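Trainee: I would like to go through this model with you, from the overall fold down to single residues. Could we begin with the chain as a whole?
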Amino acid sequence: MILLAAFSRTDWHDAAAWAPLFAGAVALWGAAWMQTRAGEDATHDLWAGAGAALALLGVESAFAEALRPMAHAGLAALFALAFMQWQWRAARYAAFAAAALAVAHASGAELFRMGGDGGLTLASALAVLAATAIILFGGSRIAARVSSRDAASEGLALGALLLPVVAAFMALHLARQVSWIDEFVVNALRAIVLMVAGHIALPRHGREVGAITHWRAHALFAAGLVLTFVWPGVTQNPWWGADATRIAGPAIFNAQALAFLAPALLAFYAAQRTYTLTLTPARLYTLAGGALILIWAALEIRRAFHGAWMHTPALGVFEAACYALLAICAALTIAIVARVRASKDPERPFTADMLSIMRGATWLALVFVAAMMLVVRHPWWGVQDAALTSASAVGWGAMAQLAAVVLCMWLARVLSVSRAADPARFASAAVAALFALSFGLCGVRWLYHRAAMDNGVTLFGLEGLAYAIWPLLFVSTAAYFTARAPGRDTERAYLYDLQAIWAAAIWPAMAFAALGLWALFNPWWGAWPARASNIGASSPSLRVLAWPHASASSRRVYLTCVHANGWRAAAYRLRRRISRSPRSY
């Protein structure tokens, strides 16, 4: 009857509507109190719950939209006081429901609209939110006298924590309306606010807490990370977003640092703080932080090449090489940090995790860098953008392969944990060898063709002879120095991998040199004959120069990882037999 009387009024906000609701609430709570005094515990929760529902409806009817957060917070505090006094379950849930309604009204669109169109000043709105937060915090302290782990206490405390977040969101909303900051920065700052609130919400170590306090920080961290990945990371991403944003400002210190670098650092800090409490969320925070660091670094590289407006499909050879080198640097960083932490204290947080993923990260990085720099965007046979192709750009793309050699060798050095065979370490050494071979070929090609490296198979001068001799020269020289490098049984176990690689590579190198010098690039009958006015007897001389390198490699490379002694002995006998046979030129 009370609800019918209230809802049948023409004006929902008139006293004739809300007065019966509050009167009925007081009467029902009085009935619950009388049931408690009479010792009848079966029905007092029913009376108290019905009274709480009428009181909540009364607040909706009696108070304006701007004041409803404070009114619901006051009801939550009163219900918390009743819970402390009588320990009614209805009072506990009523306090929780009132706190939820207070937060819902505070974060609703109506309050934001009133603050935006002048119906409520920013100072007034912030005062309402601050008063609501204080009332909810006081109610949580009252309910905590019964139990600090109770849902009523923790729910009110969570509401008090969320209201400063709502206030920050409102300030950012108004700043966006007056065009002080753009939408990209607004979303970046919102994510930072959520993650900072998550750090504030983390419980202290050793404190026994309930489910709400245990998971509230993780919920805030997750909300901040989801907001970062969805809006700045995908929708508004300056490179591939549907609503791509123009990034102004200096390098590094710009909006991208707010959107990606700051949340990444907060995620790493959250992982460190939660590792001993909840292992799985800590690992997820670390993974998210690493992904954000990679996105930030890739976007900074993109901005260095394209300026503030990055939403273009163009991708140059050197730019693509920088992304590939970034992947190698990421794998190298993981391996170095894992090795350093393991050497100092194997029990430190994340040490075992990083040791377990460093080889997987190495494989992913090697596959990506090899596909990008040796196939897709190779300076010679890879895809090139004509607008971004110049002699300097292609030359830097070739020089990036030398940087890849250094990084892959460094990665193999870091992975040299023991002398035992390690596939990831071997792959790092093998990719380094491929990049060294490719760098030499690109260097020769660039010296002859510059920006036109990818224009067909036209050869000039001694170019073909250089291609024929370079693999053999490289493999034999590398084998010579690898065999004499120290530390293979201690910190440079990758030297065994290199020796195995040179032992396997010497035979195709010799075959290619013979094919090139005698058939493909022969000045007389070759398919692409070497042509130069001063070539003279260079072809026989190059063949004579090539043979000592092959023989030196077959004689001096001693392997413990590859059983090639029979092949090496056969090569040595063949060389001796040829050297004794008469020659005529």
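Trainee: What percentage of the residues in the chain is buried?
Mentor: This is a predicted model. Of the 585 residues in the chain, 47% are buried.

Trainee: How many helices and strands does the chain have?
Mentor: There are 20 helices and zero strands.

Trainee: And of the contacts between residues at least 6 apart in sequence, what share joins residues at least 24 apart?
Mentor: That share is 67%.

Trainee: Let us turn to helix packing. How is a packed pair described in general?
Mentor: Two values are used: the angle between the two axes and the distance between them.

Trainee: Then at what angle do the axes of α11 and α12 cross?
Mentor: Helix α11 covers residues 255-274 and helix α12 covers residues 279-306; their axes cross at roughly 155 degrees and come within 8 Å. An angle over 145 degrees counts as roughly antiparallel, so α11 and α12 are roughly antiparallel to each other.

Trainee: Is that crossing of α11 and α12 left-handed or right-handed?
Mentor: The crossing is left-handed. By class, the residues in the contact of α11 with α12 are 17 nonpolar, five polar and two charged.

Trainee: Is A288 buried or exposed?
Mentor: A288 is buried, at a relative accessible area of 12%.

Trainee: Now the other pair: how far apart are the axes of α16 and α17?
Mentor: The axes of helix α16 (residues 423-449) and helix α17 (residues 463-484) are 10 Å apart, and the helices pack at an angle of about 160 degrees. These two helices are therefore roughly antiparallel to each other. The crossing of α16 and α17 is right-handed.

Trainee: Which residues meet there?
Mentor: From α16, the residues include A433, A436, L437, G440 and L441, as well as V444, R445, Y448 and H449. They meet E463, A466, Y467, W470, P471 and F474 in α17. The residues of this contact of α16 with α17 divide into 11 nonpolar, two polar and two charged.

Trainee: Changing topic, where does T351 lie, and what does it touch?
Mentor: T351 lies in helix α14, which covers residues 351-376. Not counting residues up to four places away in sequence, T351 touches A338, R341, A342, D345 and P346. T351 is buried, with a relative accessible area of 1%.

Trainee: How many aromatic pairs are there?
Mentor: The count comes to 18 aromatic pairs. One of them joins W380 and W381 in a tilted arrangement, 5.6 Å centre to centre with 40 degrees between the planes. W380 is buried at 18% relative accessible area, whereas W381 is partly exposed at 48%.

Trainee: How are the rings of F521 and W528 arranged?
Mentor: Their centres are 6.5 Å apart and their planes are at 40 degrees, so the pair is tilted. F521 is buried at 6% relative accessibility, and W528 is partly exposed at 39%.

Trainee: Finally, which residues do ring pairs link into a cluster?
Mentor: Ring pairs link W29, F79, W86 and W88 into a cluster.

Conventions
Residues numbered from 1 in each chain as written. Predicted model: local features only at pLDDT ≥ 70, side-chain atom pairs only at ≥ 80, totals over all residues. Heavy atoms only, no water. Axes fitted to C-alpha atoms, helices over the stretch in contact; angles between N-to-C directions. Helix = DSSP H or I, 4+ residues; strand = E, 2+ residues; numbered from the N terminus. Parallel < 35°, antiparallel > 145°, perpendicular 65-115°, else oblique. Left-handed = near helix turned anticlockwise from the far one by under 90°. Nonpolar A, V, L, I, M, F, W, Y, C, P; charged D, E, K, R; others polar. Buried < 20%, exposed > 50% of the residue type's maximum accessible area, 1.4 Å probe, protein only. Contact = heavy atoms within 4.5 Å. Phe/Tyr/Trp six-rings, centres within 6.5 Å; stacked < 30°, edge-to-face > 60°.
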